[in-house]
Amino acid sequence: RSQHTQTFDTMLAKTAARSSAAVATRAVTRSAVEWYGPDRAKWLGPFSDNAVPSYLTGEYPGDYGWDSAGLSADPETFAAYREAELIHARWAMLG
């Protein structure tokens, strides 16, 4: 086989590897829909209908529709709690 054919085969193999990685990324992106929005998993599972407060829309990570203390009822307070949680998480990652 010629050098040109071997180079082409190598390029083709690399392109196929990149393509399969892109497909895997798209699959992960599609499955992320399960965690956000109105159809996300909720704390009571199928019994959560009408039990989720109206202000919990599934917009933020970790929103399973449960807020018994009403900590996220006020948007400004919720934003402050979210910011504090990010700061604490960053400190925790430092070790």
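**Figure 1. Overall composition of the chain.** Among contacts in the protein chain between residues at least 6 apart in sequence, 9% join residues at least 24 apart. The model shown is predicted. Of the 95 residues in the protein chain, 9% are buried. The chain exposes about 7,900 Å², and carbon and sulfur atoms supply 63% of that area.

**Figure 2. The salt bridge between Arg40 and Asp63.** The structure has 1 salt bridge. In this pair, the side chains of Arg40 and Asp63 meet with an N to O distance of 3.4 Å. Arg40 and Asp63 are both buried.

**Figure 3. The surroundings of Asp63.** Asp63 is located in the loop between helix 1 and helix 2. Its relative accessible area is 12%, which is under 20%, and Asp63 therefore counts as buried. A polar atom of the Asp63 side chain lies 2.9 Å from the backbone nitrogen of Gly65. Leaving aside residues up to four places away in sequence, Asp63 touches Arg40, Ala41, Leu56, Thr57 and Gly58. One of these residues, Arg40, is the salt-bridge partner of Asp63.

**Figure 4. The tilted aromatic pair of Trp43 and Trp66.** The structure holds 2 aromatic pairs. Trp43 and Trp66 form a tilted pair, with 6.4 Å centre to centre and 45° between the planes. Trp43 and Trp66 both lie in the loop between helix 1 and helix 2, and their pairing links distant parts of the chain, 23 residues apart. Trp43 has a relative accessible area of 40% and is therefore classed as partly exposed. Trp66, at 55% relative accessibility, passes the 50% cut-off and so counts as exposed.

**Figure 5. The edge-to-face aromatic pair of Tyr60 and Phe78.** Tyr60 and Phe78 form an edge-to-face aromatic pair, with ring centres 5.2 Å apart and planes at 70°. Tyr60 lies in the loop between helix 1 and helix 2, whereas Phe78 belongs to helix 2, so the pair ties together parts that are 18 residues apart in sequence. Tyr60 is partly exposed, because its relative accessible area is 28%. Phe78 is likewise partly exposed, with a relative accessible area of 24%.

**Figure 6. Asp74 and the loop that contains it.** Asp74 is found in the loop between helix 1 (3-32) and helix 2 (75-94). With a relative accessibility of 37%, Asp74 is partly exposed. Asp74 and Tyr55 are 19 residues apart along the chain, and their C-alpha atoms are separated by 8.8 Å.

**Figure 7. Helix 2 and the residue that follows.** Helix 2 comprises 20 residues. From its first C-alpha to its last, helix 2 reaches 29 Å, close to the 28 Å expected at 1.5 Å a residue. Gly95 follows helix 2 and has a positive phi, near 105°. Helix 2 also carries Phe78, the partner of Tyr60 in the edge-to-face pair.

Technical notes: Residues are numbered from 1 along each chain as its sequence is written. This is a predicted model: local features need pLDDT of at least 70, side-chain atom pairs count only at pLDDT 80 or more; totals for chains, interfaces and linings use all residues. Side-chain values use heavy atoms; hydrogens and water are left out. Helices (H or I, at least four residues) and strands (E, at least two) are DSSP runs, numbered from the N terminus. Buried means under 20% relative accessible area, exposed over 50%, partly exposed in between (1.4 Å probe, protein chains only). Rings of Phe, Tyr and Trp (its six-membered ring) pair if their centres lie within 6.5 Å; planes under 30 degrees apart count as stacked, over 60 as edge-to-face and the rest as tilted. A salt bridge is a side-chain nitrogen of Lys or Arg within 4 Å of a carboxyl oxygen of Asp or Glu. The expected span of a helix is 1.5 Å times one less than its number of residues. Contact means heavy atoms within 4.5 Å. Accessible areas come from the Shrake-Rupley method with a 1.4 Å probe; for residues, only the protein chains shown count as cover. A polar contact is a pair of N or O atoms within 3.5 Å; within protein, one must be able to donate a hydrogen and the other to accept it, and residues adjacent in sequence count only if both atoms are side-chain atoms.
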